[in-house]
Amino acid sequence: MHNNSRVKIIIDGILIILAMIWTLLPLWWTFQTSISPEVDLTRIPPRWLPSSINFNYYNSILFKKMGTTTAFRAGIFNSSVISITVAFLSVFLGSLAAYAIVRLNVLSGRWVIFTLLFAQMIPPVILITSLYVIASKLHLLDTRFLLILIYSALQLPMAIWILRGYFQTIPREIEDSALIDGCSPSQVLFHIVLPLSGPALFTTGIFTFISAWGEFLMALVFTSSLASKTMPVAIAEFMGRFTVDYGLMCTAGMIASVPPILIAFIFQRFIIQGLTSGAVKG
Amino acid sequence: MSRKTLGYLLLLPSAIIILVVLVYPILYSGYLSFFGTFIGPGTLTLTPVGLKNYIDTIKSPQWWWAFGRTAYFVLYDIVVGMSLGLGIALLLNKEFRLRGIARALVLFPYVLPSIVKALMWKWIYNSDYGFLNGLLFQLGLIKDYIPWLSNPTLAIHMVILANIWEGTPFAIIMYLAALQTIPKELYEASEVDGATPWQMFTKITFPLIKPMTFILIVIKTVATFKVFDLVYALTAGGPGGSTQVVGYLMYSTVFDSLQFGKGAAMSYILLLIILVLVFIYSKLFQSEEE
């Protein structure tokens, strides 16, 4: 019996290690490419560890003036501006809307649930045809404003969904007694409900930031110059049809991964909470 | 100000953004879908064509082919991806040191930008210097390097493998959440009764995570229609159309062939399918909540 359970623990341990290898291998391979000297990358068979560690690629990406690296830096800047704006906007507007739905009895009912789910599940590719025609008529193509608007619209249903779920768990009595004490409903929202909802606001912010940071299709269609091109589009340009500089490409990928990786590591709990509260981004 | 007025006021900004960017374009797509479109320099000329775009789409072998490809993706995602997700969730549900770190690490494929995931796999599959060929060669499993993405049969399976890797964390987290709701006493009681681990899995675990499995199947199916980034970066729909999924076909219909009307008609057909799936999903979700 004792031996038996020991074997079990060892088998579990091996399986867990295998699962971690499967999960992390692509990331590790990309990372080790980014710190390898160029000669290592064209060796057959490949080297599993770099012959020497160097940061030439990082240096090129961050400082060198080249078409693709300049575009990458502009992309990081545009992506930061866009994702941070979208995160704040979705959290703020989403909590107003969620509060209205949960407590002020506006648009309550089953069809709201259905609409919010439906809006989250619409494949964005459905929207690109008509959005493109509309945006070009309004002269909004290739602007950060357009992407902020589109991402906010795509994120708001999820933001409202997560916040709605959280607001429902706040005991009504707290709000009711504040109302009796003479607070207006808007004071209740800003001074009682929102301060109590820190974790949910945070979860929503993280989710919308990560989605906007990584979004590719809309950015590909709607941006064309350095004025609005985001990081994913700039990275896609590293992968030319015929020649690909894998070293630079992997380094760009590593730099672009820093914010989401830090978030996953530090705010793991919030991401899991958001996912299990019914955010449906498979 | 009455509660109702305040409610509408709070809802207004979100409603405007959603109406302008989601609802209006969907309606406008409906309108566009009845027109043939001609793109000139800076102009868009519309000619009414009735139902032609819809009929063309439904009759086009390309559309059904892309549908078949997408269904093939879904099948793998559900059978292989979800089993893998469940397996890893069962492991991570056990008590062990560093469990917190392990749970953070499995999130990585979920949070990384999709284009970065695509570039990782593009480099792994590189036929001359990539990881996969190097590894298989050194293990003695292959004699010659294999061009993973230029053979039609191989290419689709390689893209599917990358897609499974990308989608597993979501299944892991969802299954972990479902597993944590199962009372420990059930297992303890069945152990006293002499149940084997396999019996515990089939008689306790599996029935109790069944609702989550249904939910995941619907979400995964819808999510597959969103597959675009991987295909764009790895194969661009090729070779020989083998990775031409619905999302990619729609994109190239509009932006490569410039058939805006046909793209809009395709959007509507897809929207209808998603609507049915979401209807099923919301039924499942409501029975979960009750």
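Among contacts in chain B between residues at least 6 apart in sequence, 67% join residues at least 24 apart, a contact being a pair of residues whose C-beta atoms, placed from the backbone, lie within 7 Å. The model is a predicted one, in which local features need pLDDT of at least 70 and side-chain atom pairs count only at pLDDT 80 or more, while totals for chains, interfaces and linings use all residues. Residues are numbered from 1 along each chain as its sequence is written, and chains are lettered from A and ligands numbered from 1 in the order in which they are written.

Chain B contains 13 helices and two strands, these elements being DSSP runs numbered from the N terminus (H or I over at least four residues for helices, E over at least two for strands). Along the principal axes, the C-alpha atoms of chain B fill a box of roughly 75 × 75 × 35 Å. Of the 290 residues in chain B, 44% are buried; a residue is buried if 20 or more other C-beta atoms lie within 10 Å of its own, exposed if 12 or fewer, and partly exposed in between, with C-beta atoms placed from the backbone.

Confidence can be considered next. The mean pLDDT of chain B (pLDDT being the predictor's confidence in each residue, from 0 to 100) is 88, and 97% of the residues of chain B reach 70 or more. Within chain B, the lowest confidence falls in strand β1 (residues 35–40), with a mean of 79, and the highest in helix α6 (residues 114–124), at 93. For the complex, the predictor gives an ipTM of 0.89 and a pTM of 0.90.

Where the two chains meet, 80 residues of chain A are in contact with 78 residues of chain B. On the chain A side, helix α1 (residues 2–34) of chain A supplies the largest share, 12 residues. The residues of that side of chain A divide into 63 nonpolar, 16 polar and one charged, where Ala, Val, Leu, Ile, Met, Phe, Trp, Tyr, Cys and Pro count as nonpolar, Asp, Glu, Lys and Arg as charged, and the others, Gly among them, as polar.

The largest nonpolar core has 167 residues, and those with the most contacts inside it are A:Tyr99, A:Ile235 and B:Tyr175; such a core is a set of buried Ala, Val, Leu, Ile, Met, Phe, Trp, Tyr and Cys residues joined through C-beta atoms within 7 Å. Helix α3 (residues 67–103) of chain A gives this core its largest share, 16 residues. When residues up to four places away in sequence are not counted, A:Tyr99 touches A:Leu104, A:Phe167, A:Leu189, A:Val193 and B:Leu10. Helix α3 of chain A also holds A:Phe88, which is partly exposed because 14 other C-beta atoms lie within 10 Å. The C-alpha atoms of A:Phe88 and A:Ser152 are separated by 9.6 Å, although the two residues are 64 residues apart along the chain.

Further along chain A, helix α4 (residues 110–121) has 12 residues that should span 16 Å at 1.5 Å a residue, and its end C-alpha atoms, 17 Å apart, agree with this; the expected span is 1.5 Å times one less than the number of residues. The buried residues of α4(A) are A:Leu116, A:Leu117, A:Phe118, A:Gln120 and A:Met121.

Helix α5(A) bends by about 35° at A:Leu131, the bend being the angle between axes fitted to the seven residues ending there and the seven starting there. A:Leu131 is itself among the buried residues of α5(A), which also include A:Val125, A:Ile128 and A:Ala135. After α5(A) comes A:His139, whose phi is positive, near 55°. The loop between α5 (125–137) and α6 (144–167) of chain A contains A:Asp142, a residue other than glycine with a positive phi, near 60°.

In helix α11 (residues 231–238) of chain A lies A:Val233, which is buried because 24 other C-beta atoms lie within 10 Å. Leaving aside neighbours within four places in sequence, A:Val233 is in contact with A:Gly75, A:Ala219, A:Leu220 and A:Thr223.

Returning to chain B, helix α9 (residues 184–192) lies largely in the open, because the number buried among its nine residues is zero. B:Gly194, which follows α9(B), has a positive phi, near 85°.
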